[in-house]
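Reader: I am new to this structure. Please show me how to read some of its features, one at a time.

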Amino acid sequence: MEIATSYRARTRGLLGRDQITGALLLTPAASVHTFRMRFPIDVAHLDRNLTVIAVTTMPPGRLGLPRLRSRHVLEAAAGAMTEWNLRPGTRLEVETPERGDR
């Protein structure tokens with residue numbers, strides 16, 4: 001999983017890519033858009049404890065509305081979150097690699 005924490009990284013998101021393997025966590029974030037995207041994506045809105053609030057699939061050229069209580073957004077290729085059985089109420093854990101593992 002990739003993590004976008006800087007303003008610049010969050011603004012860029014998945015723009016300019018033809019696909020994504022895995023997922024991209026935007027933090028902090030309450031909403032996303034798919035303008036200028038080349039492929040549809042799954043979007044999971046997460047609260048401050050990384051619990052899934054909502055999951056949706058967004059085609060290119062859409063503006064997602066902010067979700068109440070959303071503090072993070074997880075993006076993946078369309079269909080990935082169904083494969084992962086990710087749904088509202090699921091709590092995620094993010095592990096960061098140790099310095100020697102990168």
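**Reading the model**

Author: M1 counts as exposed because its relative accessibility is 56%; exposed means over 50% relative accessible area, buried under 20%, and partly exposed in between (1.4 Å probe, protein chains only). M1 is found in the segment before strand 1 (2-4). Helices (H or I, at least four residues) and strands (E, at least two) are DSSP runs, numbered from the N terminus.

Reader: What kind of model is this, and how are residues numbered?

Author: This is a predicted model, in which local features need pLDDT of at least 70, side-chain atom pairs count only at pLDDT 80 or more, and totals for chains, interfaces and linings use all residues. Residues are numbered from 1 along each chain as its sequence is written, and side-chain values use heavy atoms, with hydrogens and water left out.

Reader: How many salt bridges does a search of the whole structure find?

Author: Side chains of opposite charge can pair when their charged atoms come close. A salt bridge is a side-chain nitrogen of Lys or Arg within 4 Å of a carboxyl oxygen of Asp or Glu. The search finds two. In one, R17 pairs with E2, with the closest N and O atoms 2.8 Å apart. R17 lies in the loop between helix 1 and strand 2 (23-26) and E2 in strand 1, so the pair ties together parts 15 residues apart in sequence.

Reader: And which residue forms a salt bridge with D18?

Author: D18 forms one with R38, the closest N and O atoms being 2.9 Å apart. This pair links distant parts of the chain, 20 residues apart: D18 is in the loop between helix 1 and strand 2, R38 in the loop between strand 2 and strand 3. D18 counts as exposed at 58% relative accessibility, and R38 is exposed at 52%.

Reader: Is T51 buried or exposed?

Author: T51 counts as buried, because its relative accessibility is 19%. T51 lies in the loop between strand 3 and strand 4 (52-58), where D47 is also found. The backbone nitrogen of T51 lies 3.0 Å from a polar atom of the D47 side chain. D47 counts as buried too, at 14%.

Technical notes
A polar contact is a pair of N or O atoms within 3.5 Å; within protein, one must be able to donate a hydrogen and the other to accept it, and residues adjacent in sequence count only if both atoms are side-chain atoms.
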